[in-house]
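The sequence and structure come first.

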Amino acid sequence: TPKTFKEAMGKFNESFQGSEQHDAQELLAFLLDGLTEDLNRIQKKPYMEAPDSDGRPDEELADIWWGNHLQRELSLIVALFSGQ
């Protein structure tokens, strides 16, 4: 039931405890974040420095950031719901 589901969510994230109403986006973000962590194929996440723009175009910088992200986060959730 929805009540049982909400109680289960409250066990994993205290912000979902109690009878307060929550935004569906909050719940979806929490669920996808948890699935991303559980399904992440990267076991040892390398340290990645955040690159400066150094006058580069946004598109080039976005490609660098996305490449860095994929070196730390690679899961089915990232493939389906993230990307460029």
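Patches are made of residues with over 30% relative accessible area and no salt bridge, where nonpolar side chains (Val, Leu, Ile, Met, Phe, Trp, Tyr) are joined within 5 Å and like charges within 9 Å. Accessible areas come from the Shrake-Rupley method with a 1.4 Å probe, and for residues only the protein chains shown count as cover. The model is predicted, so local features need pLDDT of at least 70 and side-chain atom pairs count only at pLDDT 80 or more, while totals for chains, interfaces and linings use all residues. Residues are numbered from 1 along each chain as its sequence is written, and side-chain values use heavy atoms, with hydrogens and water left out.

**Nonpolar patch**

Leu35, Leu39, Leu76, Leu80 and Phe81 make a nonpolar surface patch of about 510 Å². Two or more residues of the patch come from each of α2 and α4; helices here are DSSP runs (H or I, at least four residues), as strands are (E, at least two), numbered from the N terminus. Helix α4 gives the largest share, three residues. Leu35 lies in helix α2 and is partly exposed, at 41% relative accessibility. The classes used are buried (under 20% relative accessible area), exposed (over 50%) and partly exposed (in between), with a 1.4 Å probe and protein chains only.

**Salt bridges**

A salt bridge is a side-chain nitrogen of Lys or Arg within 4 Å of a carboxyl oxygen of Asp or Glu. By this rule there are three salt bridges.

| Pair | N to O distance |
|---|---|
| Lys45 and Glu37 | 3.5 Å |
| Glu73 and Lys45 | 3.0 Å |
| Arg56 and Asp54 | 3.9 Å |

Which residues are linked in a network of salt bridges? Glu37, Lys45 and Glu73 are.

Glu73 counts as buried because its relative accessibility is 13%. Lys45 is partly exposed at 31%, and Glu37 is partly exposed with a relative accessible area of 44%.

For the salt bridge of Arg56 and Asp54, Arg56 is partly exposed, with a relative accessible area of 25%, whereas Asp54 counts as exposed at 63% relative accessibility.
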